[in-house]
Each structure stands twice: as C-alpha cells, then as structure tokens.
Amino acid sequence: MRSQPSLPVSQPAMDGSAAELEAAERVVMRWDSASAGAGADEPMLFDGAGDRAEADRFLRAVDDLRRLAPPSPAAVGSPRRLSSSSGSSSAAAGSGAVHVAMARLEDEFRHVLSSRALDLEIEALADLSSLSINSDRSNSASSADLPSPAAAGDEDDSASASIGRRSSAAYRSLRSIREIDLLPDDAVADLRAIASRMAAAGYGRECAQVYASVRKPAVDASLRRLGVERLSIGDVQRLEWDALEAKIRRWIRAARAAVRGVFASERRLCFHIFHDLPISSTTISASAAAAPATHDAPFAEAVKGAALQLFGFAEAISIGRRSPEKLFKIIDLHDALSDLLPDVSDIFAASKAAESIYVQAVEIRSRLADAVRGILSEFENAVLRDPPKTAVPGGTIHPLTRYVMNYSSLICDYKVTLSELIISRPSASARLAAEGNEFVPSLADLELPELENQLPLASHIVWIIVVLEHNLEGKAALYKDLALSHLFMMNNVHYIVHKVKDSPDLWGMIGDDYLKRLTVKFTMAATNYQRTSWLKILNCLRDEGLHVSGGFSSGISKSALRERFKSFNAAFEDAHRVQSGWCVPDNQLREELRISIAEKLLPAYRSFLGRFRHHIENGKHPELYIKYSVEDLEIAVGDFFEGVPPSPHNRRRSHG
C-alpha cells in the first residue's frame, strides 16, 4: 500500500471534506490503468477470488469522489477521454480522479463479464420443447416436430409481474421459460455494483456499450450452437424443399431454446445489472437512435441482431413460393411461432428498445397465416387444373387421387390451426376458375354442396373432393373401353370413400350426407362396369333365337346353339384376357367384384349348359363348342383384376 504524503507544515490543515476527497483520490489513482501501463497480467479488483477488501475500498472511494467532487456536464464522456483541464482546484482534481475511476470500472466490468461467464448448457436448452407453453391455446395437430405440450398454469397478474419494475418487484420467471444463470451470483452483484457507480457518475452509456460488446458475441455463439444459420432470404428461397424441410424442423427446436432459454436468460441478467439505473439519454448505438435509452437498451443491443437473424428465417419461408407440399411445415412454423409469441411478448414487448422484435414476430406469424391460406387455394386450383394426359394402366387408382386424399387427411390432422386460419368458404372466383378449363366438366356441374353449420375449412375439403371427382371424370374419358372407364371411376371413388371412413376427422369434416353421395357414386360406377362388361356375355346364354320356328319335335336349332356357344367362348376368353390385366388394388373390393360376377355368370352358364349340352354332345366334335365347365369358369374368374396377364388353366371337359 502506498503511504499518504504528509501535509506541509506551513499549510493550514485542510477541512474534513478536502481530506476525504484527497484520500479517495489516492485510492483511485493507485488503480490508474493508463498511467500504470496495464497489461495482460495486470491485477484486477474484481477477480472473483482473494481478499475483497480492496475492491470494497475502491467502490467507497468512487462514492466519495462522486459525493465530494461531482463532475460537470462537460466532463462526462468516455472515461478514456481524460479532461484536458489542469486546474489546481480540488474540484478539478476530483473530476480527473472520477475519469480514472470510470476507466478502471469499465475495465473491471468487461473483465467480470468476460472471465466469469458460465458455459451455457445448449443441449439442455435444446430440449425446451418439453416445457409448458405460455398459452391456453390447445393444438391437436399431429406432427412429430410439434408435440402437443401441456397447457400452462394460471398466469401471474401482468400488472404486478412485468419485467422492468422497480427493484422492489420480483423478476418474473415464466413457467414456459427456463432462465439459466449466465454468471455466478457474486459476479452479477459485482457487475451491478460497478454499473450503479458508472451510471451515477454519468457513464451509464459507456457501461452499457461494454455490456453489449461482450454479451452480443456470446448470444451469437449460443445461436450457432443451437444450429441457427446465417441465411439471407435469398439463401432460404433457393434451397431444395427436402433441405428446407429439415431446416424448419431444426429451426422450431432452436427457436424454442433461443427464446425461452438464451434471450430470457439475457433479459434477466441485464435486468439484475441495470434495472433502475440512470443510463444516459444518449442511445448506445446509432441503430437505437429513434428510441430513448432505458435499462433495457443493453439487452436489446446484445440480442437484437441474433433475434432478427432467428426470425428472419421464418420470414423468408412466409414470403417464399407457395406450393402444396409446403403447407404442413408452414403450419408447424406458424404454430411454433404462435406458441412462442406470449414469451416473445414478455421478453421483448415491455422494452421500448426491443419491442420491434415482438412486432416483427407478430407480422411474420400473420404472413405465415396468409401463406397457409394461399397454399390451400393453390392446391385447390392445382387439383382443378391437373390435365388428363395418359390413362393409368388397368384402370387403377390414379396418383392424383392418392395424393389429394392423403393431403386432405393431413389437413384434418391440422384442423385446429386451419379452422382458425380458414375463415371463409371457397370463393365464387375460385369455383369460376373451372370455366374455360377444357379438362373439367361444365361449370354447372361443379356445385359445392351446401351443408348446414359447416365450418369454412370443411367446405374447402368438400370442394377439394368435388373438384377431384370431376377431374377424375375427365381422366376416365381417356379410356377407349367404356367398361374400363367405369372400373376406373369405381376404383377411385371407392378409394375416396374408404379414406374418409378411415379418418374420423375427415369423416366429421365432410359429414354423412356427402359421404352417402360418394357411396352412391361408387355403387353406380360398379354397376355400370358390370352392365357394360358382362351384358354381352350373359346375352349369349339366353334362350332367344335358339328355337326353330314351327319345329315340334326338338324345337332347337343346333347350328344356332353351336354359334351361341362359340360366341360365349370368344366373349369370355376376350374378357378373361383383357380384364385379368385390369387392376382393382383393394383386396376386399376385388374379391367382392369377382363374387358379384360369379353370382351372375355361373348360375346362368350352369343353367344354359344343363339345358343344351346334350344337343352339342350328340353331335360331332363337341369339344369345339363346350370348352368350359362351370368349375373352369369359376377358376378363370379368379384371374380377373390382378393387373397381370392370365395364367393358363387345365380345363376339365364336361363331355369327357
């Protein structure tokens, strides 16, 4: 310790205030970094270890300086810019000592912030999705990336728990937020002690700048560890969808951790250091020049860049190209942002310096909602305009049918959000879009069923299926074989009906009345197929035209009978060859259709064979006309609708 110089004998003893001031100056000047040529090994007052007596003595000396020699307004500024005044008055000397003290405190503040910071457990933060969400909003959307969190408990009264209250008010800790200690408690107490002295001496702005310069890189590093990438809007919009989808999943987890962990913890740290301190009205950076400085300004400066980068990704998604495959991930983004907004509000909106971040998040959610509505409309138009190009082989289920019905089922999985966002029925202009489309039947046919008490979202789903039905009719017209055209419609409408029945949500959306309408359409298609395909074959087994006019003995024309058997054989063989290559992919429907055919064909053939076979067998070469037994036909019917060429059968000859 330096000894105090003795007073000259000839000088009168100074008064008590002057002695206190001089003593305070001596304490401060011993820690004058500038004059001592400070280096990396310079001892620090607030090093977190050892004797704290000197640090406390330094703070008391700073308090004495401020009390006994308050700086003039002209003297306030960066502690590195020492006053050029060399006056000999004790006030002037005190003012110079204040500058030295502030320079030392600035160094100490930076040192404590940098050296005492705790390692942030990013891995723990990344699991924030399991925390309660600060929202009463229930979300039943089924998504692996959006587990439905438990509803939050009762909220604290916002009037008594808002951030930024006077020191007598407890800092609010939301249930949905995990506040992590960024520095030990004793380090926070030291920072608060330093900041309070600097602010009281008019150096709050400089203290805040140091805070932001240290914490901003730490925040940026935390977001990088969470996987938040620096991507421009153009970068995001140039990504292939598979890559973008994966980034959306990562962003949702990272955003929860960033908001509820990183930003909330930074807010609390800043609050504990700067609350109620008179930070200079001069803002700490040009970017904040429009807003008055408050104790929130250091927090805003530290996190604003990272927050804008974080939410900028969601913004790029919201204004990107709208295509149907993006709908559900954009809903995931919308829901994640909606769940975060109460926390974003609590963390940012109460701060004048940071409220623009909350405003941006609200605007992005609104744009995501617009994107959802726009994508649904684009999807409807895409289904409407999907052109018939080439008929699918075998009349099987069209890829468009599978895509549209799977898409509609997913829409119902997201019905909670979509019911909030879709607030109007399909517009007349959307339905009029069918007009002039050569691939779609007349506009009059495209009628949207009016169902009582139907949600707008349900109206859109029904409209999508209506449009799909009519599009399928255009595709059915591609088949030259009318029976195959009916089989195609049967397959596709059956698929639609069963997708509806397999999804209680989808069924509930479209309702029983429309489901019955679809079922009737399926039944009609199946009936039309059988009538078109089998009427000619069954007509071969009628008695008409076989009887000889005026004949009284036998009454049967053998030549006509032989021609009838030949016609039946040819027609059945043609049907067997062709329709074995047709496809009914649903196992149950395929079996039911075969049974229905057999129930019509086999009894008719058995009866015809029983009544007329002896006329053929009594003639020459009966095997040329009676080629099949009833059992042969039954086996052959089992080949139908497999989508592959028929296999040969060892047919028993009934005459043999």
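Which residues does T396 touch, not counting residues up to four places away in sequence?

Tutor: Leaving out residues up to four places away in sequence, T396 touches F488, N491, N492, C583 and P585, where a contact means heavy atoms within 4.5 Å. Before going further, note that this is a predicted model, in which local features need pLDDT of at least 70 and side-chain atom pairs count only at pLDDT 80 or more, while totals for chains, interfaces and linings use all residues. Residues are numbered from 1 along each chain as its sequence is written, and side-chain values use heavy atoms, with hydrogens and water left out.

T396 itself sits in the loop between α13 (355–385) and α14; helices here are DSSP runs of H or I with at least four residues, strands are runs of E with at least two, and both are numbered from the N terminus. With a relative accessibility of 17%, T396 counts as buried, a label for values under 20%, whereas exposed means over 50% and partly exposed covers the range in between, all with a 1.4 Å probe and protein chains only. Helix α14 (residues 399–413) holds L410, which counts as partly exposed at 35% relative accessibility.

Helix packing comes next. Two packed helices are described by the angle between their axes and the distance between the axes. The axes are lines fitted to C-alpha atoms, for helices over the stretch in contact, and the angles run from 0 to 180 degrees between N-to-C directions. Helix α19 (residues 504–539) and helix α20 (residues 558–579) have axes that come within 8 Å and cross at roughly 150°, so α19 and α20 are roughly antiparallel; that word applies over 145 degrees, while under 35 counts as roughly parallel, 65 to 115 as roughly perpendicular and the rest as oblique. In this pair, Y529, S533, W534, I537 and N539 of α19 meet R564, F568, A571, F572, A575 and Q579 of α20. By class, that contact has seven nonpolar, three polar and one charged residues, where Ala, Val, Leu, Ile, Met, Phe, Trp, Tyr, Cys and Pro are nonpolar, Asp, Glu, Lys and Arg are charged, and the others, Gly among them, are polar.

Helix α8 (residues 204–225) packs on helix α11 (residues 297–318) at an angle of about 25°, with the axes 7 Å apart, and the two are therefore roughly parallel. Their contact brings A208, Y211, A212, R215, K216, V219, D220 and L223 of α8 to P298, F299, E301, A302, V303, A306 and L310 of α11, a set with 11 nonpolar, no polar and four charged residues. Helix α11 also contains Q309, which is buried at a relative accessible area of 18% and, apart from its neighbours within four places in sequence, is in contact with V228, E229 and R230.

For α7 (residues 185–200) and α10, the axes come within 7 Å and cross at roughly 50°, which makes α7 oblique to α10. Here V188, L191, R192 and A195 of α7 meet L269, H272, I273 and F274 of α10, and the contact divides into six nonpolar, one polar and one charged residues.

Finally, two backbone positions deserve a check. D276, in the loop between α10 (241–274) and α11, has a positive phi of about 70° although it is not a glycine, and D276 counts as partly exposed at 35% relative accessibility. F641, in the segment after α22 (630–637), likewise has a positive phi of about 70° without being a glycine, but F641 counts as buried, at 1% relative accessibility.
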